[in-house]
Amino acid sequence: MPRYELILISRILGREGFAHLLRQTCTSIMDKGGVVRKLENLGQQRLPQRMRAHAEWHHIGRYFLFDFELSTHQLPQFEKELKTDPEVIQNGIVKIQSRFDSKKYEHPILECWKKGPPDRTARTSFMAFSSFKKDTCGIMSQVTKWQPALVEF
């Protein structure tokens, strides 16, 4: 099964309300044959802009981050349940790993830091060099190249 991350913004509830919302979301994933790997409470935060959900305006919300696995056939039904839940202001699901990926998802730029530098006084860093190039249609476009650079610490 593919692995997903869900960021869930809920309206401000009491302790029992949050427990019910989280239990309901986790149960919904597990009823569809999914697995919840991790659940993080990111806390109460002011929303970047006021949001309207279920005929109410919201300025403050509680953020939760779910890491779960779910079948691709069950995902649309799960998203529909989240959208109709009156406690949820907004949600977003991102696929972070396919079931066919053999290794854990990591950004390639971080690999140079894991290997470690050849000596402890210098580390490899990457610098961006931008240039402009004319397209075949005569349109100017920006080209960015990442090149390794040696930085002394």
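Student: Which exposed residues does the face of α2 turned away from its buried side carry?

Tutor: Before answering, note that this is a predicted model, in which local features need pLDDT of at least 70 and side-chain atom pairs count only at pLDDT 80 or more, while totals for chains, interfaces and linings use all residues. Residues are numbered from 1 along each chain as its sequence is written, and side-chain values use heavy atoms, with hydrogens and water left out. Exposed means over 50% relative accessible area, buried under 20%, and partly exposed in between, with a 1.4 Å probe and protein chains only; helices (H or I, at least four residues) and strands (E, at least two) are DSSP runs numbered from the N terminus. On the face of α2 turned away from its buried side, the exposed residues are Lys-80, Lys-83 and Thr-84.

Student: Where do the buried residues of α2 sit around the axis?

Tutor: In α2, which runs over residues 75–84, the buried residues are Leu-75, Phe-78 and Leu-82. Their arc, taken from the directions from the helix axis to the C-beta atoms, is only 65°, which puts them on the same side of α2. An α-helix has 3.6 residues a turn, so residues three or four places apart point the same way. The place asked for is therefore the same side of α2.

Student: Why can the buried residues of α1 be said to line one face of the helix?

Tutor: The buried residues of α1 are Phe-18, Leu-21, Leu-22, Thr-25, Cys-26, Ser-28 and Ile-29. Seen down the axis of α1, they line one face because they fall within an arc of 155°.

Student: Is Leu-42 buried, partly exposed or exposed, and which residues does Leu-42 touch?

Tutor: Leu-42 lies in strand β2, and with a relative accessible area of 36%, Leu-42 is partly exposed. Counting contact as heavy atoms within 4.5 Å, and setting aside residues up to four places away in sequence, Leu-42 touches Ile-7, Tyr-63 and Leu-65.
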